[in-house]
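Please look at the sequence and the three-dimensional structure shown below. The paragraphs that follow lead through them step by step.

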Amino acid sequence: MTNVQKNAALLTEVADYYSQKLAQHGVTPMGVDWNGSESQSLRFEQLSKVIAPRDSFTLNDLGCGYAALFDFLQAREQDCSYLGVDVSPEMIAAAKERYASASNARFITAAEPDQVADYSIASGIFNVRQGREPPRVLRRL
């Protein structure tokens, strides 16, 4: 199996995992495998510290789930153009349904954004290993 095939298989497994979480828990923090809204909110607080105060900015959210980060930014009246990216079609469908009327939000089913932005955030996408061992790190002697 080539690396491309391995990557595609892993992305499919991850998409299925999160689609199952969404089906099980709905549009909630547990639906994106968080243990609750407090930890999710705390993570968003920490991630948003890197965003410089300005009138407006663009943001790519990799592994956006149902777009809870967009909720967080909107609640803080952040003026941003938001792109949500997720490998789970069901997550993207949930995000699109929630924000059908939001002119400053766009969502795509993909493994990477289709645009350059002022900020790109990847929160939680490295947490699901699907039974795989982490890669070995080579150390200099």
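A residue is called buried when its relative accessible area is under 20%, exposed when this is over 50%, and partly exposed in between, as found with a 1.4 Å probe on protein chains only. The model is predicted, so local features need a pLDDT of at least 70 and side-chain atom pairs count only at pLDDT 80 or more, while totals for chains, interfaces and linings use all residues. Residues are numbered from 1 along each chain as its sequence is written, and side-chain values use heavy atoms, with hydrogens and water left out.

The protein contains four helices and four strands. These elements are DSSP runs numbered from the N terminus, where a helix (H or I) has at least four residues and a strand (E) at least two. Along the sequence, they follow the pattern α-α-β-α-β-α-β-β. Of the 141 residues, 35% count as buried. A contact means heavy atoms within 4.5 Å. Among contacts between residues at least 6 apart in sequence, 63% join residues at least 24 apart.

Leucine 69 counts as buried because its relative accessibility is 4%. Not counting residues up to four places away in sequence, leucine 69 touches Phe44, Leu59, Asp61 and Ile121. Just after H3, glutamate 77 takes a positive phi of about 55°.

One of the residues that leucine 69 touches, aspartate 61, lies in strand E1 (residues 57-62). Leaving aside neighbours within four places in sequence, aspartate 61 is in contact with Leu69, Tyr82, Leu83, Gly84, Val85 and Ile121.

Aromatic rings form a further theme. Rings of Phe, Tyr and Trp (its six-membered ring) pair if their centres lie within 6.5 Å; planes under 30 degrees apart count as stacked, over 60 as edge-to-face and the rest as tilted. The structure holds seven aromatic pairs. In one of them, phenylalanine 57 and tyrosine 119 have ring centres 5.8 Å apart and planes at 90°, so the pair is edge-to-face. This pair links strand E1 with strand E4 (residues 119-122), its two members being 62 residues apart. Both phenylalanine 57 and tyrosine 119 are buried. The rings of phenylalanine 70 and tyrosine 82 have centres 5.0 Å apart and planes at 50°, so this pair is tilted. Phenylalanine 70 is buried at 1% relative accessibility, and tyrosine 82 is buried at 2%. Phe70, Tyr82, Tyr99 and Phe107 form one aromatic cluster.

Finally, helix H1 (residues 3-25) packs against helix H4 (residues 89-98) at an angle of about 50°, with the axes 7 Å apart. The contact is made by Tyr18, Ser19 and Leu22 of H1 and Glu90, Met91 and Ala94 of H4.

Definitions and conventions. Axes are lines fitted to C-alpha atoms, for helices over the stretch in contact, and angles run from 0 to 180 degrees between N-to-C directions.
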